[in-house]
Amino acid sequence: MYNFNKQYQAAQPLQGKNKLLWRSLQHVFFAIGLGLFLLLVLLPEVGVVAFWNILIPVAPLLFLLSTGFWRNVCPLASVALIPHHWKFSKKRRIPLVWHGRLALASVVLLFLIVPARHLVLNNDGLATAITLAVLGTMAFVGGLFFDVKSAWCSSLCHVHPVEKLYGQKVGFTPQNAHCGTCHNCVLPCPDSMPSIAEQKPKERNTQAIATTLLTGGLPGFIWGWFHVPDCRSTGAEMSECLVAFGLPWATMAVTLAVYFLLRKFLPKNKETLLTSVFAAASISCYYWYRIPSLVGYGLFPQDGLLVDLTQTLPLWSIMAAQVAAVAFFGWWLVLRNPEPTVWAIRPPFEVRRK
Ligand code: SF4
């Protein structure tokens, strides 16, 4: 069982050189985010490659290794926390029931935005920039009215469910660089809890549904998503929309059904292992298809292409990289059994609620 007291004792306010380092990193990543946004608007063809084919492929690996690092420097988090840092947030508290609803909404948002990439976002810099601007506005408004990370980073952000799934056995736990002192803005705090399995408060069925939907459905969703080609014509046909959304959702339903069955028949004490296996299956499936597509060996060679290396790299080397990635994720998430750890060390409490 996770020793929370150990974490509380370890908590120190961020200060001195450590604080300077994290603030600098936050500014650097914010500048990168802003630069990407401007690229998407001004040089959309470069922007979509930089955003979808460099930043996004790195993100799952980063969540796996150190979710806390990403949550400390994520540019959208910085936008959401401007009102907190500049002290004009109204600091309202989200009722528990609404926190659960927002968690479910974040999963739904994820399963809506990702298929839309095939229809428009993957090849349209302006549409991607508009989507980011809408998400940034939602993040900012959330931070304006609600305390610290409660509205966006730990609730409605559509990336947060993926962080929860992949960040179960992180390798590096930094100090929480955004919170300063802990306001207990959300219960339980995902930054300060050791695993997704312990983030399912019984009183919030919506949150339990969100966790189940994501854990069971994500492997199939990812598999289906990679089997849909990008739509390059202006204005997607109805049939293309049906395929773009329908295939990932259908394959998501298949793995979700498998997950339900396994959860029903396996002993209760195997639930954490089951979650790890499905998390490993999701991230393995992602890189199984993403690695080849980056270098031109994808199912649809022009989709998700970063640089065409088909004349330089032999096919066997790509297959070796795929197998190595699957072996690594299986080892990291399933076979390894590290001490339970948190994403980020919780700062001292300013307000502590039950
Ligand atoms: S550490 Fe405290 S203030 Fe920060 S997100 Fe967690 S509960 Fe909220």
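This report walks through a few local features of a predicted model.

## A cis peptide bond

The bond from Leu187 to Pro188 is cis. Its omega is near -5°. Pro188 belongs to the loop between helix 9 (160–166) and helix 10 (205–226).

## Two residues with positive phi

Lys91 is not a glycine, yet its phi is positive, near 55°. The residue sits in the loop between helix 5 (82–85) and helix 6 (96–119). Lys91 counts as partly exposed because it has 18 C-beta neighbours inside 10 Å.

Val148 is not a glycine either, and its phi is about 40°. The loop that holds Val148 runs between helix 7 (125–145) and helix 8 (152–156). Is Val148 buried or exposed? It has 27 C-beta neighbours inside 10 Å, so Val148 counts as buried.

## Thr255 in helix 11

Thr255 is part of helix 11, which covers residues 238–265. Thr255 has 23 C-beta neighbours inside 10 Å. A residue needs 20 or more to be buried, so Thr255 counts as buried.

Which residues does Thr255 contact, leaving aside neighbours within four places in sequence? They are Gly216, Gly217, Pro219 and Gly220. Asn18 is 237 residues from Thr255 in sequence. In space, the two are 43 Å apart, C-alpha to C-alpha.

Key:
Residues numbered from 1 in each chain as written. Predicted model: local features only at pLDDT ≥ 70, side-chain atom pairs only at ≥ 80, totals over all residues. Helix = DSSP H or I, 4+ residues; strand = E, 2+ residues; numbered from the N terminus. Buried ≥ 20, exposed ≤ 12 C-beta atoms within 10 Å, placed from the backbone. Contact = placed C-beta atoms within 7 Å.
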